Amino acid sequence: MQNMHNTIIRTFMHVTVAEQARTELLAAGFTADDVAIDVRVDETGPVQGNFVTGDDPDVKGKTAYTHTYAPVAQDAVRDCQVTVNAADGARAEEAAAILDRLGGLDPDPAARAATRH
């Protein structure tokens, strides 16, 4: 069973950077089974075919069509998650260094706060 402390997770804004991170991790000797990329947001945005709520353009408030289906500012969304299962602490640190160098964000708020001090 993989030690949870040896699992490194970073998020990226763009799939291309996440794929570059995966390529660099593989070149550093991590196996394909140890590196996963998950896209958490669909690049096409919300579906506009919901006939239950929000389809009437005259509805006001949070269920208005224009609000419900407003475009999301994708530039601020970190929609790609890279997960690395490292064999030990040293490999976990190596993976973290590669991901951090490429701009990966640690999704754990406590870990981010600890690195600011």
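This is a predicted model: local features need pLDDT of at least 70, side-chain atom pairs count only at pLDDT 80 or more; totals for chains, interfaces and linings use all residues.
Residues are numbered from 1 along each chain as its sequence is written, and side-chain values use heavy atoms, with hydrogens and water left out. Helices (H or I, at least four residues) and strands (E, at least two) are DSSP runs, numbered from the N terminus.

The buried residues of H3 are Ala92, Ala95, Ala96, Ile98 and Leu99. They cover an arc of only 165° around the axis, taken from the directions from the helix axis to the C-beta atoms, which puts them on the same side of H3. On the other side of H3, Ala90, Glu93 and Arg101 are exposed. At the start of H3, a side-chain oxygen of Asp88 comes within 3.1 Å of the backbone nitrogen of Ala90, and just after the helix Gly103 has a positive phi of about 95°.

Turning to H1, residues 15-27, we find Ala18, Ala21 and Leu25 buried. Seen down the axis of H1, these buried residues fall within an arc of 55°, so they line one face of the helix. Thr16, Thr23 and Ala27, on the other side of H1, are exposed. The cover over the buried residues of H1 includes strands S1 (7-12), S2 (35-39) and S3 (80-85), together with H3.

How do the axes of H1 and H3 cross, and at roughly what angle? They come within 10 Å and cross at roughly 145°, the axes being lines fitted to C-alpha atoms, for helices over the stretch in contact, with angles running from 0 to 180 degrees between N-to-C directions. The contact is made by Ala21, Glu24 and Leu25 of H1 and by Ala95, Ile98, Leu99 and Arg101 of H3.

Finally, Asp106 sits in the loop between H3 (89-101) and H4 (109-116). Its side chain makes a polar contact of 3.5 Å with the side chain of Arg10, a polar contact being a pair of N or O atoms within 3.5 Å, where within protein one must be able to donate a hydrogen and the other to accept it, and residues adjacent in sequence count only if both atoms are side-chain atoms.

Methods:
Buried means under 20% relative accessible area, exposed over 50%, partly exposed in between (1.4 Å probe, protein chains only). Contact means heavy atoms within 4.5 Å.
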